[in-house]
Amino acid sequence: GGKPAVTGSFHFPPGWAASDLVSAQRSSQNILFCAYNVGLTGEVILFSPTGSQLKWWRFQNGVAGITYDSSNSILYVASGRTSEIFRINLSIGSGQEFFAEIPGSQRLGPILFDSKDNSLFVGDYVMGVIYKLDIVRRRATVLFGGLGRPSAMKLSEDQSSLFVADERDRKVVIYSIAQSSSVPKTFAKIPQFRSPSGLALIDGGLAVSDDGAEKVFILSKTGNLQGTVPATP
């Protein structure tokens with residue numbers, strides 16, 4: 001009926017706290033990258049959609065966020081306790097390697113690849129700032145600030161706007177990338193939000209996962225609530 005529904009599930013390893021999830025296609029196959037943390041250590045595990053573990057990579061300083069460049073088969077990983085960005089080139093089967101650093105960052109959060117501009121957006125949990133990292137030059141600049149705790153990011157379908165979930169301030173903001181002097185505006189701030197922590201495009205609108213509410217909120221293209229889906233089956 002066109003509405004989101006849970007079609008299956010699998011369990012993460014006991015004691016591991018999931019920090020990010022990326023779905024993608026590689027060689028015409030659906031895949032899932034899942035990032036976890038336990039203590040000071042993090043792992044990124046490559047799963048099939050049915051939960052079969054295909055590969056894994058360990059990070060001594062934890063994992064804050066992950067994003068995937070499908071054109072070049074490169075996974076970017078934001079460190080959980082340092083200001084470092086790592087990359088894994090799946091096309092050549094390489095392990096993780098240092099890629100860049102975000103000077104001035106206090107604690108990295110979500111990370112998002114922008115194929116249109118060949119750059120990375122990186123959030124900072126503590127400073128409430130979104131950085132833009134030029135992949136070729138490997139230099140970061142502040143895109144905008146003023147957020148409480150950015151927890152997830154998603155580009156609009158035409159890649160002209162950036163959605164950011166603000167976990168602390170319980171809202172989703174939208175930022176116009178095309179306008180250099182623009183400021184983020186509130187896209188949705190509904191009473192049911194508790195800790196919005198994940199974003200996905202869906203049917204012309206936006207899906208917002210919320211750990212605190214244990215729900216996925218379905219929003220229209222104008223930010224109005226259209227429905228909810230339980231986050232657990």
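What share of the contacts in the protein chain with a separation of 6 or more comes from residues 24 or more positions apart? The figure is 31%, with a contact meaning heavy atoms within 4.5 Å. The structure is a predicted model, so local features need pLDDT of at least 70 and side-chain atom pairs count only at pLDDT 80 or more, while totals for chains, interfaces and linings use all residues. Residues are numbered from 1 along each chain as its sequence is written, and side-chain values use heavy atoms, with hydrogens and water left out.

On secondary structure, the tally is simple: 20 strands and 0 helices. As for overall dimensions, the C-alpha atoms fill a box of roughly 45 × 45 × 35 Å along the principal axes. The radius of gyration is 17 Å, which agrees with the value near 17 Å for a compact globule of 233 residues; it is taken over C-alpha atoms, and the globule rule is 2.2 Å times the number of residues to the power 0.38.

Of the 233 residues, 45% are buried, that is, under 20% relative accessible area, against over 50% for exposed and in between for partly exposed (1.4 Å probe, protein chains only). The chain carries 22 positive and 19 negative charges, and their mean positions sit 2 Å apart. Lys and Arg count as positive and Asp and Glu as negative, leaving out His and the chain ends; each charge is placed at NZ of Lys, CZ of Arg, CG of Asp or CD of Glu.

Now for the aromatics: a search of the whole structure turns up 9 aromatic pairs. Rings of Phe, Tyr and Trp (its six-membered ring) pair if their centres lie within 6.5 Å, and planes under 30 degrees apart count as stacked, over 60 as edge-to-face and the rest as tilted. Tyrosine 76 and phenylalanine 113 are stacked, because their ring centres are 6.4 Å apart and their planes meet at 15°. This pair ties strand β6 (residues 74-79) to strand β9 (residues 108-114), across 37 residues. Tyrosine 76 is buried at 2% relative accessibility, and phenylalanine 113 is buried at 12%. Phenylalanine 163 and phenylalanine 187 instead pair edge-to-face, 5.0 Å between centres and 70° between planes. Here strand β14 (residues 161-166) is linked to strand β16 (residues 185-188), with the two phenylalanines 24 residues apart; both are buried. Finally, Phe59, Phe86 and Phe98 make up one aromatic cluster.

Definitions and conventions. Helices (H or I, at least four residues) and strands (E, at least two) are DSSP runs, numbered from the N terminus.
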